[in-house]
Amino acid sequence: MLPITDDHMHINIIGGRGVEAIKEFRNAGGTHVFIVSLPAGELGLKVMRGDDFRVAYDITVEAARRASEHVKAYAVVGVHPAEFIGLAESRGMEKAYAIVKDGLEIAAEYVAEGKAVAIKSGRPHYPVAGDLWKASNDLMRYAMELCREKGCAIQLHTESEPETMKSISDIAKQAGMPPHRVIKHFSPPLVKECESLNVFPSVICSKGALEEALSQGTRFMLETDYIDDPRRPGAVLGPRTVPRKTKEAIRNGAPEEAFYKIHKDNPERSYGIKIEC
């Protein structure tokens with residue numbers, strides 16, 4: 001059976017559809033999913049210190065456990081870059097930096113303990129003041145250094161302009177990150193450019209993106225960035241999208257072998273896991 005993997009999905013077991021969204025993914029043909037921690041505020045949590053991120057991480061790990069009753073699910077935990085900006089506004093940049101740094105170190109603990117397979121980090125995808133931008137990049141590089149030490153992948157939430165990939169690549173080199181473990185979440189289908197810059201694209205499976213990515217090769221993964229927010233049902237893309245688009249592409253003549261690369265070989269190499277069906 002062809003494995004079908006969604007590289008970035010949120011499952012909100014507190015106030016969202018939770019496992020019902022995973023069942024929808026499974027019923028469409030999905031087999032593997034990476035469940036990424038939601039910002040603490042979206043779970044109704046207040047962060048005052050780094051240790052407060054543990055609650056959000058534990059919710060993510062539990063979501064992956066419940067999801068694994070229906071598909072194979074892996075947890076990805078870390079600090080969304082917008083959380084640093086919010087903390088800087090309310091607590092001051094120095095205190096915010098320390099809190100987020102602690103939160104990233106705790107995420108690395110979860111990886112070391114086998115509770116998660118990767119760390120989430122990044123920088124704002126919207127304009128911010130220069131000092132916040134620099135601090136965000138420093139935190140992103142620190143997250144990469146933690147990933148290098150733990151031998152795990154990083155999922156990056158950043159802006160998506162073409163020049164972004166060069167910047168990410170440069171920071172990853174500074175941090176000593178292996179290129180196949182530097183994953184650009186919500187990536188446009190810049191497969192050839194990402195390969196030349198040693199960044200691994202997780203392509204958002206929007207209209208036309210899979211076709212464009214396939215025209216450039218198979219060095220990418222696919223995601224929906226499903227956010228499981230009852231206020232925005234189906235956002236960003238619905239749980240069925242990756243399986244549906246995969247099957248549609250095969251019906252339209254794309255070789256099935258290409259999708260073994262996309263859904264099995266690539267995540268196995270990036271995350272150091274085994275994808276089996």
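Two strands count as paired if DSSP finds at least two bridges between them. Strands themselves are DSSP runs of E with at least two residues, while helices are runs of H or I with at least four, and both are numbered from the N terminus. On that basis, strand S2 (residues 32-36) and strand S3 (residues 72-78) run parallel and are joined by five bridges. Val-36 has Val-76 as its bridge partner in S3.

The model is predicted: local features need pLDDT of at least 70 and side-chain atom pairs count only at pLDDT 80 or more, whereas totals for chains, interfaces and linings use all residues. Residues are numbered from 1 along each chain as its sequence is written, and side-chain values use heavy atoms, with hydrogens and water left out.

The pair S2 and S3 belongs to an open sheet of eight strands with parallel pairing, in the order S1-S2-S3-S4-S5-S6-S7-S8. Strand S1 (5-9) and strand S8 (221-223) each have a single partner strand and stand at the edges, so one side of each is left without a neighbour in the sheet. From one strand to the next, the twist averages 25°. Angles run from 0 to 180 degrees between N-to-C directions, and axes are lines fitted to C-alpha atoms, for helices over the stretch in contact. Contact means heavy atoms within 4.5 Å. Helix H10 (residues 256-271) lies across S1, S2, strand S4 (118-122), strand S5 (153-157), strand S6 (182-187), strand S7 (200-204) and S8, and runs at about 100° to S8.

Within strand S6 is Ser-187. This residue is buried, with a relative accessible area of 0%; buried means under 20% relative accessible area, exposed over 50%, and partly exposed in between, with a 1.4 Å probe and protein chains only. Apart from neighbours within four places in sequence, Ser-187 is in contact with Met-165, Cys-194, Pro-201, Ser-202, Val-203 and Ile-204.

On a 1 Å grid over the protein atoms alone, a pocket is an open set of points with protein on both sides within 12 Å along at least five of seven lines, a cavity is a set of points where a 1.4 Å probe fits but cannot get out, and lining residues have an atom within 4 Å of a point. Grid points are joined across faces, edges and corners, and a volume is the space filled by probe spheres set on the points. The largest pocket holds about 400 Å³ of space. It is lined by 21 residues, of which His-80, His-125, His-157, His-185 and Asp-225 are the closest to its centre. S6 gives the most to this lining, with three residues. For classes, Ala, Val, Leu, Ile, Met, Phe, Trp, Tyr, Cys and Pro count as nonpolar, Asp, Glu, Lys and Arg as charged, and the others, Gly among them, as polar. The lining of the largest pocket has seven nonpolar, eight polar and six charged residues.

The second largest pocket has about 240 Å³ of space. Among its 14 lining residues, Leu-45, Val-47, Glu-83, Gly-86 and Leu-87 lie nearest its centre.

There are two cavities of 30 Å³ or more. The largest cavity has a volume of about 60 Å³, and its lining includes Val-79, His-80, Pro-81 and Phe-84. Helix H3 (81-91), helix H4 (93-112), S4 and helix H5 (130-150) are the elements that give two or more residues to that lining. Its residues divide into six nonpolar, four polar and no charged. The second largest cavity has a volume of about 30 Å³. Val-36 is one of its lining residues, and helix H2 (53-67) gives the most to the lining, with three residues. By class, seven of these residues are nonpolar, two polar and none charged.

The backbone also deserves attention. Most residues other than glycine have a negative phi, and most peptide bonds are trans. Asp-225, which is not a glycine, has a positive phi of about 55°. It lies in the loop between S8 and helix H9 (241-251) and counts as buried at 9% relative accessibility. Asp-228 lies in the loop between S8 and H9; its phi is near 55°, and it is buried, with a relative accessible area of 2%. The peptide bond from Ala-235 to Val-236 is cis, with omega near -10°.
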